[in-house]
Amino acid sequence: MSILEVSGISKRFGGLRAVDGMGFSVQRGEILGLIGPNGSGKSTTLSLIMGVVRPDSGSVILDGKEMVGKATHAIAKAGMSMVFQHSRPLQRQTVLENIKLALLQDSLFQFGASRAVTDRAIEVAERVGLDKVLHQRPGSLPFADLRRLEVAKALASEPLVLLLDEPFAGLAPSETREFSELAIAMRDAGCAVVLVDHNVKAVSGLVDRIVAMHAGQKIAEGAPSEVTRNERVQEVYFGKSLGAVGAARCREQAIADDRLLSVAVESVHYGRAEALRDIDLHVKRGEFVSVVGLNGAGKTTLFNSILGFVDYAGDIQFDDRSLRGRKPAAIATGGIALCPETRDLFSFMTVRENLEMGGHAFDANTRAEQLEWVYGLFPRLRERAGQKAQTLSGGEQQMLTVGRALMQKPQLLLLDEPTLGLAPLVLEDISNVLEKLQNESGLTVLLAEQNLTFALRHSDRIYLIETGSLRWEGESRRFVEEVGEDIL
Amino acid sequence: MSNVNRSPQTTGPWSRDWLDWRVVLTVLFFVFLAFTPLFAGGYYLGVLTIALYMGVYAMNWDLLFGYIGEVNFGPTFLIGLGAYGAGLCNTYLGWSVWACIPVGVVAAMIGGLLLAGPALRLTGPYFGLVTLVAVLILSQLIVTFAGYTGGEIGLALRDILTLSSKGNFYYALGLTVITALALRLIVRSPLGLILEAVGQDAGATEALGFSVTKYKVFAFLVSSFFSGLAGAMTVFYFGTASPGTVVAVVMAVQVIIATIVGGRRTIIGSVFGAIFLIVAGELLRPIGQLSNTVVAVLALLVLLLAPGGFTSLFGSRKERKA
């Protein structure tokens with residue numbers, strides 16, 4: 001019998017069905033991969049199983065006992081353990097004390113520390129490779145060790161089922177291997193492991209079985225190789241018109257080899273961590289180029305380098321002039337406009353005021369012309385002109401972000417994940433405007449995206465970036481054929 | 001396993017060397033306090049007595065804020081309940097001091113349970129607002145029922161702890177030492193580790209198998225027990241209970257400043273902070289109204305120069321950052 005059986009669990013957040021009748025089962029000694037694109041409901045599913053969020057309906061049977069309706073701590077005591085994606089260890093305590101915490105009884109009457117707890121904590125630390133840093137505080141540990149600490153806390157109670165929420169996010173390849181080995185050791189010890197990741201490739205060598213999710217529902221289940229070949233899965237990741245990708249981006253006028261932007265960055269460092277290395281890319285005048293890659297691959301860092309927000313080794317040329325050493329403000333007025341991932345709107349200003357801020361560098365007449373043009377592109381913004389930015393819907397805010405950037409009359413538009421958190425219908429609106437822009441004004445765009453469907457639809461060329469390096473470049477239509485299966 | 005250092009830890013708040021000299025300094029400080037009546041006059045003992053009661057209030061605020069992370073803007077709600085619970089009991093029922101004090105403690109603990117309710121649902125500033133409103137309601141009630149409570153002027157009690165300033169000082173010192181020992185025992189034990197984890201990340205702590213509700217209620221009960229006790233003893237020291245001395249928001253702010261200046265998440269730092277605030281206020285009394293401003297500026301300077309408070313000056317570099 002399965003140690004964990006999840007059936008028909010659902011959760012609504014307002015109008016959104018975050019998880020909609022999900023169900024799967026896991027055996028002892030099995031690793032199950034739960035995959036799906038961003039926002040498909042994977043993490044919410046884990047939270048529902050752990051009881052952190054209460055499901056609206058459905059059942060979670062752990063070792064023959066119903067868990068739905070129980071408090072999280074009771075579910076934990078029944079043998080479920082979860083490693084959260086983001087967690088905050090005790091900063092004033094040492095690694096050893098943090099692990100000890102996980103070993104304590106749920107009781108108010110504990111005034112002395114027992115030797116047995118300490119010994120057991122040391123044992124757990126050795127198992128995850130923290131024995132060298134037992135007496136350090138979390139603040140001084142590298143990222144991978146912090147993740148180890150979370151795993152150690154989850155392992156300490158010897159759970160029947162271990163839930164891992166994106167355990168590999170932000171780890172270097174060698175560290176990923178170590179964590180995989182840890183998961184395998186857990187499996188071999190008879191534990192059932194459920195592992196969430198948005199990327200099939202990263203987990204296919206590790207997991208025994210995959211359940212693929214989309215829009216809160218299960219869309220496929222089976223061995224990793226079957227799931228990767230599944231039509232529904234491919235559709236979800238790459239969009240419907242697989243064969244026709246790129247054809248949509250067949251423009252009348254050929255693009256001359258006139259480089260507007262050339263990036264030759266050798267490296268970008270954040271402290272000791274290298275965020276980008278050997279990035280060599282260019283964007284021609286009038287071209288739509290996408291940089292695709294997962295969370296943390298380095299897309300935003302690339303944009304920050306172009307705009308001069310971070311220090312880099314190498315050179316970036318725009319319009320045949322080097323941007324090195326120039327201030328972000330100078331770069332922005334020089335013709336590069338950014339639509340940041342976080343939107344960064346002036347939330348208490350009206351739509352119109354936000355747009356005018358974008359065109360602040362121009363005289364009143366030019367600004368009025370620009371404003372008319374932007375209103376023409378986004379009629380919705382004209383309707384909402386007097387409304388405060390914070391009262392807009394997500395999609396409208398995204399339009400405003402793009403509109404504000406366009407007010408700068410840019411030669412090059414940098415779009416950082418414009419699709420993040422948007423509903424499909426709204427995406428369609430944004431897509432239409434981008435198409436209109438490309439056709440009418442021949443604007444040059446560099447897009448950073450995780451949403452491949454969106455990127456493939458608009459781009460002439462694509463750069464694939466993985467853990468800070470370029471992995472593939474080429475025309476959009478060759479993308480699915482050449483790297484499609486690999487990056488699912 | 002053989003290469004792992006299992007001897008007493010060399011760092012961390014549980015380590016031996018920490019125990020050694022910082023605890024020794026603290027013990028020496030309290031021993032010094034115990035001998036002050038030998039050379040200090042009644043006036044100075046009076047100031048110190050008030051400072052020590054303030055220290056007890058602040059230690060209990062530190063337990064709630066520093067450990068389980070509850071933003072409590074109204075420590076005087078619990079203190080005031082203890083004070084008026086004991087005071088009303090003495091004035092109207094005529095019970096003895098030592099019978100009235102437990103009544104005050106129970107009143108404060110009921111108040112603590114009342115606060116624990118919203119604390120389980122609300123976090124951060126939202127809970128903070130609830131505590132602030134609780135204080136305002138309490139002082140409003142006292143003023144509204146002035147016929148019974150004495151209103152702004154205060155409630156005159158029939159009894160006091162003792163007439164002797166030495167005696168009063170030792171009562172306050174005794175309460176301070178007992179509270180400090182009890183709270184230090186809690187926060188340094190495995191139980192304290194769980195409390196701190198609840199304050200840091202309640203969800204993750206719950207997922208480790210700890211019933212967060214239980215620990216929050218416990219912390220509120222402990223905090224209200226000692227707050228109520230201190231509030232009750234304070235009114236039997238003054239011989240009166242008035243909103244200005246045990247309920248007012250100004251007092252609540254002083255309690256908070258005492259902990260922050262002394263060093264939060266240390267328990268004992270609160271006592272140093274309280275003594276600093278009260279003694280500095282008294283020493284500067286000759287400059288009149290300005291004294292409050294000067295004390296406030298001094299407190300700000302301490303925060304700018306040592307954001308972790310006085311006690312952080314004796315901590316390791318790492319601890320100071322944390």
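Student: Which residues does A:Val193 touch, leaving out those up to four places away in sequence?

Tutor: Bear in mind that this is a predicted model. In it, A:Val193 touches A:Ile31, A:Leu32, A:Leu162, A:Leu164, A:Ala183, A:Met186 and A:Arg187, once residues up to four places away in sequence are set aside.

Student: And which residues have the most contacts inside the largest nonpolar core?

Tutor: Those are A:Val193, A:Leu195 and A:Leu414, in a core that has 232 residues. The element that gives the most to this core is helix 2 of chain B, residues 42-67, with 16 residues.

Student: Where does that core lie relative to the domains of chain A?

Tutor: It lies between domain 1 (4-238) and domain 2 (247-487) of chain A, because both of them give residues to it.

Student: How many Å separate the centres of those two domains?

Tutor: Taken over C-alpha atoms, the centres of domain 1 and domain 2 of chain A are separated by 35 Å.

Student: Switching to the strands, what is the order in the open sheet of six?

Tutor: The order is 6-7-8-3-9-10, in chain A, and the pairing is mixed. Strand 6 (80-83) and strand 10 (217-222) of chain A are the edge strands, each pairing on one side only, and neighbouring strands of the sheet are turned against each other by 20 degrees on average, with direction ignored.

Student: How many bridges join strand 6 to strand 7, and do they run parallel or antiparallel?

Tutor: Four bridges join strand 6 of chain A to strand 7 (residues 161-165) of chain A, and the two run parallel. Within that pairing, A:Ser81 stands opposite A:Leu162, which is in strand 7 of chain A.

Student: Which strands does helix 6 lie across?

Tutor: Helix 6 of chain A, residues 173-188, lies across strand 3, strand 7 and strand 8 of chain A, and runs at about 150 degrees to strand 8. Helix 1 of chain A (residues 42-50) lies across several strands, including strand 8 (192-197) and strand 9 (209-214), and runs at about 150 degrees to strand 7 of chain A.

Student: New topic: how many residues does the contact take from chain A and from chain B?

Tutor: It takes 36 residues from chain A and 31 residues from chain B. On the side of chain A that touches chain B, the elements giving two or more residues are helix 2 (72-77), helix 3 (95-103) and helix 4 (115-128) of chain A.

Student: What is the make-up of that side by class?

Tutor: The side of chain A that touches chain B has 15 nonpolar, eleven polar and ten charged residues.

Technical notes. Residues numbered from 1 in each chain as written. Chains lettered and ligands numbered in written order. Predicted model: local features only at pLDDT ≥ 70, side-chain atom pairs only at ≥ 80, totals over all residues. Core = buried A, V, L, I, M, F, W, Y, C linked by C-beta atoms within 7 Å. Buried ≥ 20, exposed ≤ 12 C-beta atoms within 10 Å, placed from the backbone. Domains from an automatic or database assignment. Contact = placed C-beta atoms within 7 Å. Nonpolar A, V, L, I, M, F, W, Y, C, P; charged D, E, K, R; others polar. Pairing = 2+ DSSP bridges. Axes fitted to C-alpha atoms, helices over the stretch in contact; angles between N-to-C directions.
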